[in-house]
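Colleague: Could you take me through this model and tell me what stands behind the words you use for it?
Modeller: Gladly; here it is.

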Amino acid sequence: MTAETVIGAVPAKAEFRTCQYTGLKVDVAAQRLIIANAVAAVVFLAIGGLMGLLVALTRWPAVHLLPADWFYLILTGHGANVLLFWIIFFEMAILYFASAVLLNSRLAAPKLGWLGFILMIVGALATNVAVLQGDSSVMFTSYPPMMAKPHFYLGIILFAVGALIGCGLFFATLVIAKEEGTYEGSIPLVTFGALTAAIIAVFTIASGAIILIPTWLWSLGLISDIDPLMYKVVWWAMGHSSQQINVSAHVSLWYLTAALLVGAKPLSEKVSRTAFFMYILFLQLASAHHLLAEPGMDASWKIVNTSYMMYLAVMGSMVHGLTVPGAIEAAQRRNGFDRGMFEWLRKAPWGNPAFSGMFLSLVFFGFIGGISGVVLGTEQLNVLMHNTIYVPGHFHGTVVAGTTLAFMGATYIVLPLIFQREIVWPKLAKIQPYLFGIGAAGISLFMMGAGTLGVARRHWDMTFSDASIGFAHSAGAFLMMGLNGIFAIIAAIGGIIFVLVVVATAFFGKKITSGHKLTFPLFSGGGAVASHYGSEKAPKLPGTIILVTIFFVCFVLYYFINWKYLSELWLFR
Amino acid sequence: MAVTPPERRIWWNEPIERVELVWIVIAFLWGLFMFVFMIAWHFIGQQNLSKEAYRIAPSAYEAKVDDFAKKNKVREEAGIPVAKPKPGSDVYILGRLWQWWPILELEKGQSYRIHLSSIDWQHGFSLQPTNINIQVHPGYEHVISLTPTQSGEFGIVCNEFCGIGHHTMTGKIYVTEPKKAEAEQRLADGR
Ligand code: HEM
Ligand SMILES: [Cu+2]
Ligand SMILES: [Cu+2]
């Protein structure tokens, strides 16, 4: 039985071209789908990112841009457009790339891919319409008993079905590639990472269906009641594991970028693959860390689940945090940058936005998103920042400075290789990851700071001017929110440059013909490294050891500082 | 094709780099430590969220809070009763659109059984500037033994989005110094 008979499609004659830079055989049908999904992703990033700026400017007390109803509306739109639509459209592009392109295979059933794409577009539009109509400002988490319009939920459901189809094509393409022998040995690490993401996505979408379909029926009046606590347990099985999809996807892109730009091979394939595998094994239980401040949850349940069976998934990320810079160091030393501790890092291609995006993503994800995530997810420490603006601070570290920045970096590879267009305005492109990265890191840190001082998330007025019982936040809290506004502007400038460069390149970039020299060149032979199996041999990594040591010291210090804060609170049990 | 010969090794048989192994061991031990520390805090720490919770109909909870406020009312502020319960007793706080009700007056160093619930949507009990944050659900009555360790005026903010008036949802807790409280008590007794 072939993969086609399983999914019921007619085998098509695929049309291929060979990439002149990587030597990879590219299925033109896959290429079109990658372009469509990437373009849709960028459109939703543009919309959602602009909404983010409006939100941040409203939360800047001195500016306080939007009126309250618009603030909550735009904030709902911001969450949905960036967290769901931007990220997941881009992930579809990654799945098609990591299967068909990296394996030199044809894509299974491209027509189904288009069906999925259309469902996702229709869903995303329906949800946006519901939000903009104004009766669905329920935030993207849509906790009952607060109710949105039925098409708010239906849009997300359709979007998820489309994404599920994309995952199905990814699996089917892996099967086809194996059957047709388009690669030898094991699938490459990047594809393995994408496989991790796709497997988690199936679990995620199933949880989403279990909770959102009843909620949709409830909004139609067909079900009388949704238990708010049960909703959260199941919703976060989707909401949290979808973050694991993001992590798997962007870690795969770290490896891909390192391979294509400096020829980096994993230190050992076994370790890196096991680290990916841990995401599948241990993160599904983590919805618990969204329920630490909820009534009636048992402490042992919380501890077991937040420690993800003793933090084995965090360990997975910590392993990637060593092996990715380690692989880059090993490759750079092999490339001749072998002097001292850090020549390999100094002489890395910092002028290439694909590299700077990737490396900043790695640093910010680990130092900001990762450390704050563990602290926030610790059973008792959660009470210190649950639902404060610390929480968006944390996840702008993971999903903006981490995932979004990694996706942006990878786009600078996708544009020449898949769109086959030379990047316009290379000077702007060069500074873009720095602007966006610094902005994103800034908003993460300042929101975390404000949250530590008690500022609430999803909150229009930190002066409480309309409240019958007044309350005044400290001057420090106001300062943090002002700085947040300033860095939001920096991030927004970086985001706008990104969107402009991508759109201009896609439509007006010089067509790449054979023999063209890329503005941002790849490492010769990088394509082979990315699409094949193989570990680095016996590298020396003093620089990486120093980097991870610094990381570990920060981690431990920050962890204990928070216990100290906790111990100064009122007593409760 | 610019390809090196594929290396067809079986990945689970390869040796692991030494740095990787050391890092894995460190990460594992640190994870183990953090795991144990959460458990340890239940014994050595004074801040652990209680799991005592009951299902309750919102109207039943509202009645309990009304009763509590009536019995313990010492004065009114902006039309909201200020309740001064006895140390150690059951204290009820109600979250509703858009108010934490009633206002409380507690005594520093004394423990109270604080009940939290909502009668409409979810709310976020956020005690400031102390920064204790607890989720409040309709239909669930959460009981927490709380001991103030500072005196003064504290705000309760709502930090779970609860509709258009979310940012106007506040409440208040006064904490008095035990000495002053005792003094007042003596005064009252002497009268
Ligand atoms: C220019 C870039 C961005 C800026 C300035 C920005 C700023 C903000 C701010 C200020 C908040 C509101 C916090 C609150 O009041 O609770 C927020 C919420 C949020 N942001 Fe962003 N953001 C940006 C980009 C992104 C991106 C790229 C993503 C996802 C990939 C993202 C995901 C979210 C999510 C999920 C929320 C929570 C919404 C909610 O509470 O329902 N943001 N953002
Ligand atoms: Cu509220
Ligand atoms: Cu609220």
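Modeller: Let me start with a term: patches are made of residues with over 30% relative accessible area and no salt bridge, with like charges joined within 9 Å and nonpolar side chains (Val, Leu, Ile, Met, Phe, Trp, Tyr) within 5 Å. A salt bridge is a side-chain nitrogen of Lys or Arg within 4 Å of a carboxyl oxygen of Asp or Glu. This is a predicted model, in which local features need pLDDT of at least 70 and side-chain atom pairs pLDDT 80 or more, while totals for chains, interfaces and linings use all residues. Residues are numbered from 1 along each chain as written, chains are lettered from A and ligands numbered from 1 in written order, and side-chain values use heavy atoms, without hydrogens and water.

Colleague: What makes a nonpolar patch on the surface here?
Modeller: A:L50, A:W425, A:L428, A:I431, A:I496 and A:L500 form it, with about 550 Å² of accessible area together (Shrake-Rupley method, 1.4 Å probe, only the protein chains shown counting as cover for residues). Helices α15 (426–452) and α16 (475–508) of chain A each give two or more residues to the patch (helices are DSSP runs of H or I, at least four residues, and strands runs of E, at least two, numbered from the N terminus).

Colleague: Why is A:L50 called partly exposed?
Modeller: Buried means under 20% relative accessible area, exposed over 50%, and partly exposed in between (1.4 Å probe, protein chains only). A:L50 has 48%, so it is partly exposed. A:L50 lies in helix α2 (residues 28–59) of chain A.

Colleague: How do you know whether A:H78 is buried or exposed?
Modeller: The relative accessible area of A:H78 is 15%, so this residue is buried. A:H396, at 12%, counts as buried too. Both coordinate the iron atom of ligand 1 through NE2, at 2.0 Å (donors are N, O and S atoms within 2.8 Å of the metal, or 3.2 Å for Na, K and Ca; water is not among the atoms, so sites may look incomplete).

Colleague: Why is the arrangement around the copper ion (ligand 2) called tetrahedral?
Modeller: Four donors count as tetrahedral if all angles lie between 85 and 135 degrees. The 4 donor atoms here subtend 91 to 133°, so the arrangement is tetrahedral. The protein donors are B:H123 (ND1), B:C158 (SG), B:C162 (SG) and B:M169 (SD), 1.9 to 2.4 Å from the copper ion (ligand 2).

Colleague: What does B:C158 bridge?
Modeller: B:C158 bridges the copper ion (ligand 2) and the copper ion (ligand 3), which lie 2.6 Å apart.

Technical notes:
Tetrahedral: all angles 85-135°; square planar, octahedral: opposite > 155°, others 65-115°.
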